[in-house]
Amino acid sequence: MARRTLLITYMTTYLLALAAIIRTLVAFGDHGFWPLIVLMGVYLVLLIAEPLVIRHSRPLTYIYLLAQTAIICTLAYLTPGVDFWASLFVPLVVQVMHNFPRRTGFL
């Protein structure tokens with residue numbers, strides 16, 4: 001049951017990231033904002049590679065989370081009037097809560 005719940009959780013986070021990418025294409029596709037598309041692509045690749053990174057080592061996990069946070073903050077900085085970037089923190093929160101002890105996850 002726990003494995004199934006984890007699978008459903010990860011599938012939901014992938015769909016959420018994909019929805020943000022589609023929203024980016026719709027909102028900025030005509031304006032030549034290709035850096036946003038590239039950053040979203042890197043975010044998605046890292047999100048998909050996360051299970052391999054988590055299994056590899058704990059320091060790599062911290063670097064992964066820092067890189068994902070930096071990507072989201074960069075996206076928010078480049079487009080200050082857009083509010084859907086905050087939804088990209090949800091997959092990171094889910095990953096932290098699944099892979100760290102409760103106290104560390106809340107911090």
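Colleague: Where in the chain does Ser 87 sit?
Modeller: Ser 87 is in the loop between α3 and α4, where helices (H or I, at least four residues) are DSSP runs numbered from the N terminus. This is a predicted model, in which local features need pLDDT of at least 70, side-chain atom pairs count only at pLDDT 80 or more, and totals for chains, interfaces and linings use all residues. Residues are numbered from 1 along each chain as its sequence is written, and side-chain values use heavy atoms, with hydrogens and water left out.

Colleague: Is Ser 87 buried, exposed or partly exposed?
Modeller: Ser 87 counts as partly exposed, with 23% relative accessibility. Buried means under 20% relative accessible area, exposed over 50%, and partly exposed in between, using a 1.4 Å probe and protein chains only.

Colleague: And how far is Ser 87 from Ile 37?
Modeller: Their C-alpha atoms are separated by 16 Å, and the two residues are 50 apart along the chain.

Colleague: Now the helices. At what angle do α2 and α3 pack?
Modeller: About 165°, with the axes of α2 (residues 34-56) and α3 (residues 58-78) 10 Å apart. Axes are lines fitted to C-alpha atoms, over the stretch in contact for helices, and angles run from 0 to 180 degrees between N-to-C directions. That angle makes α2 roughly antiparallel to α3, a label for angles over 145 degrees.

Colleague: Which hand does the crossing of α2 and α3 have?
Modeller: The crossing of α2 and α3 is left-handed. Left-handed means the near helix is turned anticlockwise from the far one by less than a right angle.

Colleague: What about α3 and α4?
Modeller: The axes of α3 and α4 (residues 89-99) come within 10 Å and cross at roughly 165°. So α3 is roughly antiparallel to α4. The crossing of α3 and α4 is left-handed.

Colleague: How accessible are Leu 46 and Thr 74?
Modeller: Leu 46 is partly exposed at 25% relative accessible area, and Thr 74 is partly exposed at 33%.

Colleague: Switching to α1. Is Tyr 10 buried or exposed?
Modeller: Tyr 10, in helix α1, counts as buried, at 12% relative accessibility.

Conventions
Helices (H or I, at least four residues) and strands (E, at least two) are DSSP runs, numbered from the N terminus. Angles under 35 degrees count as roughly parallel, over 145 as roughly antiparallel, 65 to 115 as roughly perpendicular and the rest as oblique.
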